[in-house]
Amino acid sequence: MSTLHITNGDCTVDLFKVAGIVGTYLPWRDVLHMGPVPAGHSLEELSIVRADFIASMGWGKKSQLANDFETRDQTLASAEKFDKVLLWFEHDLYDQLQLLQVLAWFADYPDMISKLSLINPATHLGRLSPSEIAQLLNTQQDVTASQYELAAQAWQAFTRADLSEWANLLNQDTSTLPFLHNAIARSLGEIPDKRTGLTLTETLILMLVQEGADQAQTLFKLYCEKEQNEFHGDLSFFWYVQQLIDDKPAMLNVQDGRYKLTELAHLILEGKQAWQRQYSKPHWLGGFCISSAD
């Protein structure tokens, strides 16, 4: 039986190979919780938007990224050639958004739905041993119609310029995708708090620096321990750290390789002031441009 394995990234694919999991591997490779994910685009059109964004972050050359997305999308389009499609996506925000995008795409191709199964563990796939990831094959379940419907609804809501429908999903029963509720709630933590002007990620960063985590390696390690369902990789995490330095007025300074809170950052953490921020770069959540909001 020929199987297409779709998963979050290359680290998991490497584990598949070591574990002897047979099939064709498709790593999704997109940080959908960052950058624009606007509605009204086909998969191929959105991939161009995403390649442009990732290149703008300095995380790759635009031509190579565009080629990688094109190859990815062509492999997905060939799913009908496989006897089985097995989705491997974990519990965190990074994976849940990828799962929504993939399921929403398949929802438009009902003839292929019977091929799909899902492995959806409450653990990070890339941290498992080869034997542990092989054992997850025993947990796969057929994707249900309610899962397709919910994914299509949620993906559409995430890509809208107004995130009210995305937020309203917290008031609905999303248990058919058991980790979606927490992923939505965590994503909304990236909308600046009205009292402080800080996002949840930024608040955690500043609090950790205040507590003494003033060097990069220590700061990232402690952040990963603090985040309930860790989803930032080091590249995305340190992008947010850099914005706390670059956006005006700054929240962080760097002195002799160590992060230091500015006086304003102290006041904000004490609840005495809010950050009236001037963005140095656009910030997005799905289809909503955070940095251009009133």
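Biologist: Which helix gives the most to the lining of the largest pocket?

Modeller: Helix H3 does, with five residues. Helices here are DSSP runs of H or I of at least four residues, and strands are runs of E of at least two, numbered from the N terminus. The model is predicted, so local features need pLDDT of at least 70 and side-chain atom pairs count only at pLDDT 80 or more, while totals for chains, interfaces and linings use all residues. Residues are numbered from 1 along each chain as its sequence is written, and side-chain values use heavy atoms, with hydrogens and water left out.

Biologist: How are the lining residues of the largest pocket divided by type?

Modeller: There are 12 nonpolar, 11 polar and 12 charged. Ala, Val, Leu, Ile, Met, Phe, Trp, Tyr, Cys and Pro count as nonpolar, Asp, Glu, Lys and Arg as charged, and the others, Gly among them, as polar.

Biologist: Why are H4 and H8 called roughly perpendicular?

Modeller: The axes of H4 (residues 93-107) and H8 (residues 180-188) cross at roughly 115° and come within 9 Å. Axes are lines fitted to C-alpha atoms over the stretch in contact, with angles from 0 to 180 degrees between N-to-C directions. Since 65 to 115 degrees counts as roughly perpendicular, H4 and H8 therefore fall in that class. Leu93, Gln96 and Leu100 of H4 meet Leu180, Ala183 and Ser187 of H8, where contact means heavy atoms within 4.5 Å. These residues comprise four nonpolar, two polar and no charged.

Biologist: At what angle do H4 and H6 pack?

Modeller: H4 and H6 (residues 145-159) pack at about 115°, with axes 8 Å apart, and H4 is therefore roughly perpendicular to H6 as well. The contact residues, including Leu97 and Phe106 of H4 and Trp155 and Phe158 of H6, divide into 12 nonpolar, two polar and no charged.

Biologist: What makes H10 roughly perpendicular to H11?

Modeller: The axes of H10 (residues 216-226) and H11 cross at roughly 110° and come within 11 Å, and that angle makes the two helices roughly perpendicular. Among the residues in contact are Phe220 and Tyr223 of H10 and Phe237 and Phe238 of H11. The contact holds seven nonpolar residues, no polar and one charged.

Biologist: Which peptide bond is cis?

Modeller: The bond from Lys248 to Pro249 is cis, with omega near -10°. Pro249 is in the loop between H11 and strand E6 (252-255).

Biologist: What is the phi of Arg29, and where does Arg29 lie?

Modeller: Arg29 has a positive phi of about 55° although it is not a glycine. Arg29 lies in the loop between strand E2 (24-27) and helix H2 (43-56). Most residues other than glycine have a negative phi, and most peptide bonds are trans.

Note on methods: Angles under 35 degrees count as roughly parallel, over 145 as roughly antiparallel, 65 to 115 as roughly perpendicular and the rest as oblique.
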